[in-house]
Amino acid sequence: MTDERDDSEIVAELLLHWERARQGGDTPDVDALCANHLEFKPELLRRIKSIERMEGRLGVTVSTRPQDASDNAGSSPPADVPGYEIECLIDRGGAGLVFKAVEIALQRTVALKMLAHDFPQADHLERFRREAEAIARLQHPNIVHIHAIGDAGSRPYYAMEFIDGGTLADQIRRRTGSPRETAELVSVLARAIENAHQAGIVHRDLKPSNILMTIDGTPKIGDFGLAKHLDVETAHTRTGDIIGTPAYMSPEQAGGDTKSTGAQTDIHALGTILYEMLTGSTPFPGRSAIHTLQRILTEHAVFSKRSHAGIPQDLQAICLKCLEKRPQDRYSTAADLADDLDRFLSNQPVTVRSPSRLSRMRRWVRRHPAWSVTLVLAVAELLFLLSSWRQSHAEALAIQQRAIEVAPQAREVLERNCAPCHGLKRRERELDVLDHRLLLDSNRRLVVASSPESSRLIQRIEDGSMPPEEDELIYPRVSQQELVILQDWIAGGAPAFGDTSSKPVVEYSALAMTVKQIFHEKCYNCHRYDVAEGGIKILHHRLLTDVRRVVVPGDPSNSELMQLLTQQHAKGRMPPIGSPQLSPEQIEDVRFWIELGAPPFPMGPSIEMSNR
Amino acid sequence: MQEFLASNQLAESLKRLVQGDANARDDVLEYSGERLRQLTRKMLNDFPVVRRWSETDDVLQNALLRLLNALQTLQPANERDFLGLAALQIRRELIDLARRFKGPHGLATNHDSNPAEDRLHQPLTTFDPADLAQWTEIHEAIGELPDAEREAVDLIFYQGLSQDDSAGILGVSVRTLQRRWHSALVRLDDRRTR
């Protein structure tokens with residue numbers, strides 16, 4: 001056996017020589033490499049073949065230098081298109097190639113859009129044509145008209161109106177419109193989209209660069225659906241493009257939830273366009289595609305009180321209604337959106353959110369302009385401003401008041417969760433969490449008064465690193481309930497704790513301890529802090545209830561966790577088939593725990609369970 | 001939109017991440033997302049039908065977001081741990097993607113969008129799932145390689161690093177790394193042809 005291993009070592013060594021040769025740009029000469037070891041030649045050749053085959057399969061080009069991440073988009077030159085005379089290429093990019101061309105028979109200028117590559121199979125062509133025909137039947141002054149569909153060789157193309165005024169994207173880049181202009185334009189777009197929806201066609205990729213503007217400023221929506229067929233081919237060839245232009249995506253698209261993309265998806269896009277035209281920026285600009293996607297999924301669009309003060313409240317409300325996260329919360333049809341925009345334009349009340357007293361008054365005045373009214377309005381406005389100042393002042397007071405109230409509780413939370421390691425007995429990192437002065441020491445930024453998010457105390461709890469993960473069996477992580485107390489205490493200026501010892505924020509729950517034990521015994525091996533694969537840290541209470549929301553406190557039937565535990569078929573079942581299963585009593589314990597509001601896991605070791 | 005991180009900047013960002021710089025996390029996440037995207041394309045490239053089918057994007061996006069969420073919760077102790085865990089997640093997503101696109105119960109054949117859509121978006125044709133099955137096998141086989149070899153594949157294949165950078169991160173010489181890479185590939189190929 002030793003011999004065999006030595007042999008293998010020699011071949012491995014020869015392979016290194018071969019590697020050096022090929023990376024040096026030479027064609028490795030296997031015979032020369034094996035000059036002294038001819039008996040190894042067959043094995044060496046076999047391995048080289050394996051390596052080359054696998055590298056080819058994996059698509060890895062080996063080099064010691066960093067690999068080039070970019071891919072080149074190869075696109076062949078345009079074929080002749082019978083019946084048209086091609087003048088020039090006017091656009092190439094995500095959507096294949098677009099040529100300016102003359103339709104010879106009618107002597108009219110058209111835009112010819114075609115795939116940069118060939119469709120390999122006849123039935124694809126057929127499908128493409130059927131879809132294109134459906135769109136060509138849409139006849140609407142604000143939808144780019146498709147004149148003809150055909151194929152040159154095996155390359156499908158369609159000929160459409162040639163529009164010369166650039167796109168809405170160009171226009172936005174130049175300037176933001178007035179609120180009225182914007183409302184008018186989006187209303188027109190909404191009516192056109194409604195027309196398509198009526199015909200069963202959803203656009204799904206509405207964005208300013210797909211809206212063409214004629215010289216006289218009429219918008220025309222292009223790239224209906226067809227874009228998809230053409231895009232996919234080239235969209236993937238540029239870095240980052242697989243996610244297209246995510247700025248205009250709806251949350252359901254960003255989340256990959258194709259089942260719920262539909263008419264409401266287009267309404268969301270109209271909302272995004274409206275927002276961008278009003279403010280000059282899309283609602284969720286990101287540093288990168290992925291950043292934007294994450295923001296679309298998690299953040300709510302807002303108008304800034306200060307910098308967007310000039311945008312009428314009603315228009316803001318209309319826009320935000322389009323941008324609702326859940327499709328069912330948006331306008332139910334594009335026509336409803338257009339109607340509301342038109343109401344705004346004619347100074348009538350819109351259907352969304354009852355407008356503020358002030359704006360209602362303003363609108364009334366606009367319809368009944370008169371001196372006296374203006375005067376009344378001025379007074380009212382003053383009163384209004386005064387009351388809103390009072391309100392914000394009252395809010396600040398309330399926040400401070402709340403902080404004073406929760407200060408003893410904040411102390412209790414810190415004492416219970418952190419003092420065991422950051423207290424008098426044990427002082428990790430010279431941190432005593434009950435030493436108020438030390439906490440507020442500005443050098444350490446442990447507690448930054450009025451700013452929970454910059455307080456390191458909060459940061460370390462939120463990122464799950466305190467108490468230390470590896471101690472999670474004994475020191476559970478802080479629950480949402482407790483975290484909120486700490487945040488409120490800091491938000492209100494982190495007042496002195498007061499010396500009364502309050503009752504625990506989280507009462508000890510025997511049931512929660514039982515559940516902790518069940519999780520420890522049946523789930524922990526795959527869902528502990530240092531196993532990345534399971535995806536969820538099962539003893540991280542806040543993760544379960546608030547971050548990932550697999551547990552809905554008080555509502556077992558809507559808790560994903562219960563669904564996983566009681567799943568009949570193997571797919572997605574927890575624990576997976578083959579692992580020790582929960583007994584019916586244990587499942588009932590978990591269910592009951594959730595029903596009682598899923599109290600946080602208590603401190604202390606979970607004891608190995610005996611035969612339950 | 002900014003360009004994605006190049007692999008040589010990755011090491012730099014990882015270092016900052018380990019030191020606790022939260023901004024570095026975004027860079028690193030982006031890099032991993034981009035790798036997943038490239039690898040998916042590589043995998044699905046062999047299947048013009050899938051590639052051209054619009055839902056590829058959605059499925060990939062899903063995978064991307066899951067990857068990012070998983071990575072976001074990691075507290076890497078060092079670069080090597082992070083890259084290893086990220087590679088593991090990427091591998092898991094790729095296996096998942098390959099399974100989804102694989103018939104007869106895969107996405108490619110069993111499709112449930114709304115009826116009005118069906119006419120337009122049925123899979124363009126049914127196709128032979130054998131190749132995607134092979135991809136699944138490859139990813140799974142990589143997961144079963146001896147640790148040292150798997151780490152080499154993680155860095156070079158899943159993370160797209162150069163041999164130099166990979167060796168640096170693993171703290172071994174380039175020759176050792178090459179040795180592991182060769183031996184991993186031979187093992188994988190043997191498994192496939194066996």
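Q: If axes are lines fitted to C-alpha atoms, for helices over the stretch in contact, and angles run from 0 to 180 degrees between N-to-C directions, at roughly what angle do α6 and α12 of chain A cross?
A: In this predicted model, the axes of helix α6 (residues 179-198) and helix α12 (residues 334-345), both in chain A, cross at roughly 155 degrees and come within 8 Å. Helices here are DSSP runs of H or I with at least four residues, strands are runs of E with at least two, and both are numbered from the N terminus.

Q: Parallel or antiparallel, then?
A: Roughly antiparallel, therefore, for α6(A) and α12(A), since that word is used for angles over 145 degrees, while under 35 counts as roughly parallel, 65 to 115 as roughly perpendicular and the rest as oblique.

Q: Which residues of α6(A) and α12(A) meet?
A: Taking contact to mean heavy atoms within 4.5 Å, the α6(A) side includes Ala183(A), Val186(A) and Ile193(A), and the α12(A) side includes Leu337(A), Leu341(A) and Phe344(A). By class, this contact has twelve nonpolar, two polar and six charged residues, where Ala, Val, Leu, Ile, Met, Phe, Trp, Tyr, Cys and Pro count as nonpolar, Asp, Glu, Lys and Arg as charged, and the others, Gly among them, as polar.

Q: How are the residues and chains labelled, and what counts in a predicted model?
A: Residues are numbered from 1 along each chain as its sequence is written, and chains are lettered from A and ligands numbered from 1 in the order in which they are written. Because the model is predicted, local features need pLDDT of at least 70 and side-chain atom pairs count only at pLDDT 80 or more, while totals for chains, interfaces and linings use all residues, and side-chain values use heavy atoms, leaving out hydrogens and water.

Q: Switching to Glu324(A), where is that?
A: Glu324(A) is in the loop between α11 (313-322) and α12 of chain A, and, leaving aside residues up to four places away in sequence, Glu324(A) touches His268(A), Asp329(A) and Arg330(A).

Q: Why does Glu324(A) count as partly exposed?
A: Because its relative accessibility is 30%; buried means under 20% relative accessible area, exposed over 50%, and partly exposed in between (1.4 Å probe, protein chains only).

Q: And what is the mean pLDDT of chain B?
A: The mean is 67, with 56% of the residues of chain B reaching 70 or more, on a scale of the predictor's confidence in each residue from 0 to 100. Confidence in chain B is lowest in helix α6 (residues 115-121), at a mean of 33, and highest in helix α10 (residues 174-193), at 89.
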